[in-house]
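Dear colleague,

Please find the structure below, with its sequence. I would be grateful if you would read the notes that follow alongside it.

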Amino acid sequence: MAVTIADVAAEAGVSKATVSRTFGMPDRVNTVTRTHVLAVAEQLGYVPDPAPRSTRTGSVGLIVPDIVNPFFPPMIKAVQRRARSRNYGIYLADSDAHAGEEAEAVAEMSKQVDGLIFWSSRLPSETLVDIAGRVPTVLVNRSAGGLPTVVASSEDGMRQAVEHLYALGHTRCAYVNAPRGVWSNQHRRAAVRRTCKALGMELVELGPFAQSVEGGVQAADIVAAHGVTAAIANNDLTAIGLMLQLANRGLSVPDDISVVGVDDTFVASLMRPQLTTVRIPVDEIGSLAVDLLLNLLQSGDKADTGPVEVDTQLIVRESTGPVTAEIHWPSRPLPSQD
């Protein structure tokens, strides 16, 4: 059963009116209470009902987890460009990769848009299905309950990355995980596992670490301590932090260790050495997501047609190279992490 406003109020120890104001008029609720109510709502999986509308708005909503990540601005532009070409505007919200913030964005945005696009949503699957029952919804890089979905297929790009490292002589590789619950990371990790197993490469899985430069910096010493000659990070920002900290420790990329990222953000080619990475075609994905949503609005057909998959591709640059004869690793590597 769907979680109700009464459930949230009872669990949070506040009135139903306070819960309603938290989502509808947050400026009228003090910060401590509002934060508490949002945390309880996130824990219970509550999303408030959107305000009823009798007419179309001519706008769609886009919710992303981190607008600061350089992966997202080009994607946002692609969504906006495609929506405009079909005479729609967009509203944008940044959830800060937090389910509670995402739920709050849904509550506010659904009053102003005809449909929603969630990119890498952190909300539970049952919550997304509930939202889609009230507001036409398309998911990107996430699946839930047969909802219309566009995904960047991890299989090809991650397979290419592992095969590239294998061809360069690497036999022991690390994979730097994103935080638990990140849907795309689960699929990227699975593809790396399969390919390493097929090639007979030893895989060391590390983390989770934040999908940020800081997360990569944190991971670097642990990667080094495991005695690998190559590392695949779950995204470009993590890979960049990894490279920076390895350099600070006196290790050379790619002479001592090869590094691969995922996304192919614009900063990948600005790094020195330039970052080898798996390209996610954000223009194509953004356009497809808009088309799926607007076609859904026009037809009203919510039948499960399966995810629309877009291929990914390895872009080889300077951060990967052959295994050298002399590797400056510790003599006693740490054991692998489960």
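Two strands are taken to pair if DSSP finds at least two bridges between them. With that in mind, Ile232 has Val260 of β9 as its bridge partner. Please note that this is a predicted model.

The pairing of strand β8 (residues 230–233) with strand β9 (residues 258–263) is parallel and rests on three bridges. Helix α7 (residues 154–167) packs on the sheet, where it touches β6 (172–176), β8, β9, β10 (276–279) and β12, and its direction makes about 45° with that of β12. Helix α10 (residues 236–248) also packs on the sheet, in contact with β6, β8, β9 and β10, and its direction makes about 155° with that of β9.

The sheet in question is open and has six strands, in the order β7-β6-β8-β9-β10-β12, with mixed pairing. At its edges stand β7 (202–206) and β12 (313–315), each of which has a single partner strand, so one side of each is left without a neighbour in the sheet. Direction ignored, neighbouring strands of this sheet are turned by 20° against each other on average.

A further open sheet is formed by six strands in the order β2-β1-β3-β4-β5-β11, and here the pairing is parallel. Its edge strands, β2 and β11 (308–310), each pair on one side only. From one strand to the next, the twist averages 15°. Helix α5 (residues 99–109) packs on this sheet and touches β1, β2 and β3; its direction makes about 170° with that of β1.

Strand β1 (residues 59–64) deserves a separate paragraph. Six of its six residues are buried. Ser59, Gly61 and Ile63 point one way from the strand, while Val60, Leu62 and Val64 point the other way. Six bridges connect β1 with strand β2 (residues 89–94), and the two run parallel; within β2, Tyr91 is the bridge partner of Gly61. Strand β3 (residues 115–119) also runs parallel to β1, joined to it by four bridges, and in β3 the bridge partner of Val60 is Gly115. Together with helix α4 (residues 72–85), β1 and β2 make a right-handed β-α-β unit.

Which residues does Val192 contact, leaving aside its neighbours within four places in sequence? They are Met158, Val162, Tyr175, Leu203 and Ile232.

With kind regards

Conventions. Residues are numbered from 1 along each chain as its sequence is written. This is a predicted model: local features need pLDDT of at least 70, side-chain atom pairs count only at pLDDT 80 or more; totals for chains, interfaces and linings use all residues. Side-chain values use heavy atoms; hydrogens and water are left out. Buried means under 20% relative accessible area, exposed over 50%, partly exposed in between (1.4 Å probe, protein chains only). A crossover is right-handed if, with the strands pointing away from the viewer, the path from the first strand over the helix to the second runs clockwise. Axes are lines fitted to C-alpha atoms, for helices over the stretch in contact, and angles run from 0 to 180 degrees between N-to-C directions. Contact means heavy atoms within 4.5 Å.
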